[in-house]
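Please open the structure in a viewer and display it as a cartoon.

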Amino acid sequence: MKSHDLEAVPFSFPVKVGNISANPVQVHLEADAEELKGLAKLWKVLDVVWLKADLHVARWKKDGVRIKGEVKAEIEQACVVTLEPVRTMIDERVEQVFVPEGSKLARIVLDGNGEMVLDPEGPDIPDLFNGDTIDAGALVCEFAALAIDPYPRKPGVEFTGPKEESDNVIRPSPFAALKDWKKD
């Protein structure tokens, strides 16, 4: 993940880092009509019907911030087989830690050979922020976008490839056009 730019996404909810305490604060976010249109364009879907998120925002260690919760949405996409509209529900867990740029907590662990050590089952590397604001709305958009099915299909619709030609059809050799090419 990258640091979230407040201007980059149509759904934004800036959180001032200085106002966050160790006790989690509950935040409910809901996209309005203009934000939904912007999200549909950003995600290249037919429509974003609604988008909601319930988050807990709290301090993490000394200077970091942890945002965790849930994002839910309903979107409409074109079926990859029929191109008819398909409604899809998104229900994703959100959990991300942010630390200021230059923080020791954001350093990547390297082994003795200079290779990055990542535990696929372990926590993600903290995301960096600069200044005093984190965009929780951009984080919600990112997690929702990752949950979008890239190949939506209407229920019961199967893709059938091109029809097979019957075995008794005589096909010309791909080299037939070359037989007269080099005559002396």
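The stops that follow concern a predicted model.

**Whole chain.** Of the 184 residues in the chain, 33% are buried. The chain exposes about 12,900 Å², and carbon and sulfur atoms supply 53% of that area. Among contacts in the chain with a separation of 6 or more, 67% are between residues 24 or more positions apart.

**The sheet.** Next, select β2 through β6. These five strands form an open sheet in the order β2-β3-β4-β5-β6, with mixed pairing. Which strands stand at the edges? They are β2 (25–30) and β6 (127–129); each has a single partner strand, so one side of each is left without a neighbour in the sheet. From one strand to the next, the twist averages 25 degrees.

**The β4 and β5 pair.** Now select residues 64–78, strand β4, together with residues 85–100, strand β5. The two strands run antiparallel and are joined by 14 bridges. Within this pair, display the side chains of E74 and M89: E74 stands opposite M89 in β5.

**The helices.** Select residues 33–43 to show helix α1, which lies across β2, β3 (47–60) and β4. Helix α1 runs at about 95 degrees to β3. Finally, select residues 136–146, helix α2. Helix α2 lies across β2, β3, β4 and β5, and its direction is at about 130 degrees to β5.

Methods:
Residues numbered from 1 in each chain as written. Predicted model: local features only at pLDDT ≥ 70, side-chain atom pairs only at ≥ 80, totals over all residues. Heavy atoms only, no water. Pairing = 2+ DSSP bridges. Helix = DSSP H or I, 4+ residues; strand = E, 2+ residues; numbered from the N terminus. Axes fitted to C-alpha atoms, helices over the stretch in contact; angles between N-to-C directions. Contact = heavy atoms within 4.5 Å. Buried < 20%, exposed > 50% of the residue type's maximum accessible area, 1.4 Å probe, protein only. Areas by Shrake-Rupley, 256 points an atom, 1.4 Å probe, with all protein chains shown as cover.
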